Amino acid sequence: MSHLLTYAVLLAAVQDGQAVPPTTTDQLPEVRPMAGPITLWRLATGKVELLTGAVRAFPNDRLGTRAGAPGRLTVESEVIVTLRDVKAASDEGLSVDRKENKLLIKLYRGSALVETVERDVVVQSAYGRVAGHSAGFFVEVKGNAMRVFSIDGKLTFSNDLGSVELSDGETSTILGKKPPSRPTVAGPPPAWMKDVEAQTNLIANPGFEEGETGWRSLVQHDGKPIIAIDDSLARGGKSSMRIDFPSVELAPKSGKQTPLDQFKYGLLKPGARYLLRLWVRTQDYACNDAAASVRISVSYNLSDAGFGWHGAAPPAQAKWRCARFIVKADSADFRLGICYAQETGVRRGTVWIDDVALIALPAGGE
Ligand SMILES: [Ca+2]
């Protein structure tokens with residue numbers, strides 16, 4: 001460890017006001033830029049640098065982006081943080097730290113969109129803290145207030161005076177030294193999030209706003225497809241994809257049980273990990289009269305009609321729910337299928353899909 005780094009660690013320990021064991025650099029969270037400009041202010045140098053590759057961030061370093069330009073980064077190669085109006089400077093910006101397996105993010109000022117899959121994340125400001133495990137949420141620290149907005153997932157938002165639970169689409173604010181406000185239904189997410197998302201999303205026509213372009217169906221009933229663009233119901237934009245199950249036993253053959261799929265040769269980097277996220281909604285979706293789950297399948301071998309990976313979307317009766325997974329590419333080819341399960345049976349009801357995303361997660365430890 002260089003003298004400069006040692007100095008920074010000691011200073012961090014002193015500034016935290018408590019005796020902490022010396023940190024080695026490999027215990028520090030790794031930060032990687034993904035999209036847009038990401039800047040880093042180092043306490044050790046007092047200078048701001050533009051991030052072009054992976055760095056280990058000290059708790060007293062500050063991450064940010066350029067004014068007016070959203071930037072996206074990963075922490076530990078799995079938690080995605082998108083910043084806006086966050087300036088990398090002393091007493092500003094965003095800092096990251098790790099306590100055991102928990103990721104601690106401090107947001108001094110500005111906006112951050114945080115997405116985590118099965119990883120404990122806490123975002124803290126001078127006003128309060130929000131904790132999530134599998135969630136997408138928006139945090140804004142502005143003036144003397146901290147506002148949190150759950151895009152999806154359960155969050156605990158608290159300070160010394162109180163605590164509230166937030167779930168999909170709910171928001172709460174801590175104003176100065178008051179407890180968190182009663183959760184209310186939030187408006188739509190800030191528009192700028194879409195632009196950053198579009199830069200990193202590998203799915204073609206991910207929100208079905210261009211009709212069926214990029215998608216296909218392997219299932220027909222009475223010579224007609226069972227999918228259709230729905231312009232009356234959407235999680236994002238104006239349209240979604242609707243799958244109508246016709247209350248009959250559909251093709252039981254493995255690999256053909258795919259009402260909706262998208263594939264692309266050479267899309268992926270073999271060995272790399274990807275965040276797969278989509279929104280699902282169902283209405284009375286059942287197999288043999290028992291509530292069924294929507295199966296999400298991925299194949300990396302397009303010459304094989306089957307799928308190698310399967311996940312299940314959470315129950316989404318009459319409401320949009322987010323399904324989020326981390327998948328690891330076995331090869332460069334990619335096929336995503338919205339499927340029904342291996343069990344044969346009479347399927348009825350309706351499934352809607354919208355806002356599909358596949359986002360490359362930077363490799364760790366390189
Ligand atoms: Ca849409």
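This is a predicted model: local features need pLDDT of at least 70, side-chain atom pairs count only at pLDDT 80 or more; totals for chains, interfaces and linings use all residues.

**Stop one: a pair of strands.** Select residues 295–299, which make up strand β26, and then residues 334–339, which make up strand β29. These two run antiparallel to each other and are joined by five bridges. To see individual partners, pick S299: its bridge partner in β29 is R335. Then pick I296, and you'll find I338 of β29 opposite.

**Stop two: the other side of the pairing.** Which residue of β29 does K264 stand opposite? Click on K264 and look across to β29: the residue there is F334.

**Stop three: the whole sheet.** The four strands make an open sheet, in the order β23-β29-β26-β27, with antiparallel pairing. Look at the two edges: β23 (260–264) and β27 (309–312) each have a single partner strand, so one side of each has no neighbour in the sheet. Turn the view to look along the sheet, and you can follow a twist that averages 15° from one strand to the next.

**Stop four: the faces of β29.** Go back to β29 and show its side chains. In a regular strand, side chains alternate between the two faces of the sheet. Here F334, L336 and I338 point one way, while R335, G337 and C339 point the other way. Are these residues buried or exposed? All of them are buried, and that makes six of six residues in β29, a strand that is mostly covered.

**Stop five: two loop residues.** Leave the sheet and select S77, in the loop between β6 (71–75) and β7 (79–84). Its phi is positive, about 60°, although S77 is not a glycine. S77 has 19 other C-beta atoms within 10 Å, so it counts as partly exposed; buried would take 20 or more.

Then jump to D91, in the loop between β7 and β8 (94–99). D91 also has a positive phi of about 60° without being a glycine. How many C-beta neighbours does D91 have inside 10 Å? The count is 8, so D91 is exposed.

How values were computed: Residues are numbered from 1 along each chain as its sequence is written. Two strands pair if DSSP finds at least two bridges between them. Axes are lines fitted to C-alpha atoms, for helices over the stretch in contact, and angles run from 0 to 180 degrees between N-to-C directions. A residue is buried if 20 or more other C-beta atoms lie within 10 Å of its own, exposed if 12 or fewer, and partly exposed in between; C-beta atoms are placed from the backbone.
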